[in-house]
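Welcome! Please take a look at the structure below, and then we can walk through some of its features together.

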Amino acid sequence: MTSTDTGAIRARPQSGVDPKSMRVIWLLLVAAFVAILNETTMGIAIPHLNADLGLAPELGQWLTSAFMLTMAVVIPTTGFLLQRFTTRQAFLAAMTAFSLGTLICLVAPGFAVLLVGRVVQAAGTGIMMPLLMTTIMNVVPPRSRGRMMGRVGLVISLAPAIGPTLSGAVLETLSWRWLFGIVLPIAVVALLMGAKWMTNLGETKSAPIDVPSIVLSALAFGGIVYGLSQFGGGHGGDSAGSSISPIATGAIVLGGGLVMLAVFVWRQIVLQRVDDALLDLRVFRSGNFTVSVVIMSLVALTMFGTLTLLPLYLQNVVELDALQSGLILLPGSVLMGLLGPVTGRIYDARGPRTLLVPGTIIVAAAIFTYSTVTEHTPWWLLMAVQTAMSIGMAMSFTPLFSASLGSLERSLYSHGSAVLNTLQQVAGAAGVAILIATYSSFLHDGEQAGVASAVAGASGARTAFLIAAIISLVSVVLAFFVRKPEETDDMPAVHGH
């Protein structure tokens, strides 16, 4: 393999990050903000889209699940892409795709085109997040990574703070298309800023991309999440008269996805012997990385599932409007952002367990509380529980990102970031599928039995939240086994000859 110097970092001060690298990080953070703002506005909008487009809840949730699935297909390629292409090339490609997808969503005449736009958006987002994480790992000294991850948390938590409330306000007065109309100019500005100021960090290397691995990853991850989503689809009758129920179809597709996943893993193990793997699985030789990634996946499963189900519960069961639903999420999101720098400093000084153990306990306790909700649960209690859950998330994310990627050799940073983000998205999509399928199942069955929709929906929400709460207990146990990596690494090679 040949190396091509992309020109960038001559040196980095021992005490921090050089100004050129810091500018690149901030550009990437702006792009991450746009992507997360887009995603958090959609959570509140799903019930409105279901109503406006005449969609069942299990179909409407694909506007979220398809987004995460596409990211899960794209992200495994980023371990290769971030080595083959320059930082500038990757950034411009990602923001162009995201902007184009947002435009498609803005003008979409119906569900099918809207879904296509979401997929194109996700293709850009899937490149952006690993690019941000890999860049930080490459240019920030180990002793300062927690602090930098805290700043990342501060910036990207602004989007969850703004997104749901902005979405609620827009949906109360304007069409859902304005959600994309607001995001599009921000995305275009970020793209233009990158075109003007983005520079290249590190160096590229020439390597072939394994197309069969891409196909296998798409079939594997797509099959798993699609199969899971079908388990809530067999309760409304089969208008086509098919003898195969959605549940049976889901089981078949899920089984096929697991087989494809096994083949994908086998192929990566074979290819990594000659350094040609699409996703280098040698990252799992680090036990600390493995445990951290498992916890992150479980947290993502419960978080994405809960945050997708919660707006449905708030609007369809408690009968709040979209703006009120967004305001319930606002305090926790703001607090999560403000805690970012604090958790970063604590991680640098005390290590991950000081944050991670209580953080996962708080998250589990919050979701268990959600599993007791009824159609009469007061809004202030829901806001308090959501705020507590956000605090637990803030205490979990910084140590998980820092400890997982910090446990790897520098040459594996891009692959480690790809693995982490892939499993996070697949787990998140699975969480959405499982919780919405459970909610829809109870809702359909209750309505068919003559139970009021709010009562049936409350029962479904309780059961779905209970499933998430039980899963979250595994994170609590594993949190005791995460340690802080040794800080012996780790100045990057000085490029440029």
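In which helix is the place of Ser 99? Ser 99 belongs to helix α4, which covers residues 87-107. Keep in mind from the start that this is a predicted model.

**The overall picture**

The protein contains 15 helices and two strands. Of its 497 residues, 58% count as buried. Looking at contacts between residues at least 6 apart in sequence, 85% of them join residues at least 24 apart.

The largest nonpolar core has 144 residues, and Met 95 and Tyr 313 are the ones with the most contacts inside it. Helix α1 (residues 19-53) gives the most to this core, with 18 residues.

Ser 99 has a relative accessible area of 8%, and because buried means under 20%, Ser 99 counts as buried. Thr 78 is found in helix α3 (residues 62-84), and Ser 167 in helix α6 (residues 145-173). Here are their values.

| Residue | Helix | Relative accessible area |
|---|---|---|
| Thr 78 | α3 (residues 62-84) | 0% |
| Ser 99 | α4 (residues 87-107) | 8% |
| Ser 167 | α6 (residues 145-173) | 0% |

What does each of them touch, once neighbours within four places in sequence are left aside? For Ser 99, the contacts are Leu 184, Ala 187, Val 188 and Leu 191. Ser 167 touches Thr 41, Ile 44, Ala 45 and Leu 179. Thr 78 is in contact with Gly 126, Ile 127, Pro 130 and Ala 418.

**Helix α15 and two of its partners**

Now let us turn to helix α15, which covers residues 453-478. Two packed helices are described by the angle between their axes and the distance between the axes.

Start with helix α12 (residues 353-370), whose axis comes within 8 Å of the axis of α15 and crosses it at roughly 165°. The two helices are therefore roughly antiparallel to each other, and α12 passes α15 in a left-handed crossing. On the α12 side, the residues in this contact are Thr 360, Ile 361, Ala 364, Ile 367, Phe 368 and Tyr 370, and among those they meet in α15 are Phe 465, Leu 466 and Ala 468. The residues of this contact divide into twelve nonpolar, three polar and no charged.

Helix α14 (residues 413-448) also packs with α15, at an angle of about 150° and with the axes 8 Å apart. That makes α14 roughly antiparallel to α15, and their crossing is right-handed. The contact includes Ile 434, Leu 435 and Glu 447 of α14, together with Ser 453, Ala 456 and Ala 468 of α15. Its residues divide into ten nonpolar, seven polar and one charged.

Which residue of α15 can you look for in both contacts? Ala 468 takes part in the contact with α12 and also in the contact with α14.

Methods. Residues are numbered from 1 along each chain as its sequence is written. This is a predicted model: local features need pLDDT of at least 70, side-chain atom pairs count only at pLDDT 80 or more; totals for chains, interfaces and linings use all residues. Side-chain values use heavy atoms; hydrogens and water are left out. Axes are lines fitted to C-alpha atoms, for helices over the stretch in contact, and angles run from 0 to 180 degrees between N-to-C directions. Helices (H or I, at least four residues) and strands (E, at least two) are DSSP runs, numbered from the N terminus. Angles under 35 degrees count as roughly parallel, over 145 as roughly antiparallel, 65 to 115 as roughly perpendicular and the rest as oblique. A crossing is left-handed if the near helix is turned anticlockwise from the far one by less than a right angle, and right-handed if clockwise. Contact means heavy atoms within 4.5 Å. Ala, Val, Leu, Ile, Met, Phe, Trp, Tyr, Cys and Pro count as nonpolar, Asp, Glu, Lys and Arg as charged, and the others, Gly among them, as polar. Buried means under 20% relative accessible area, exposed over 50%, partly exposed in between (1.4 Å probe, protein chains only). A nonpolar core is a set of buried Ala, Val, Leu, Ile, Met, Phe, Trp, Tyr and Cys residues joined through side-chain atoms within 4.5 Å.
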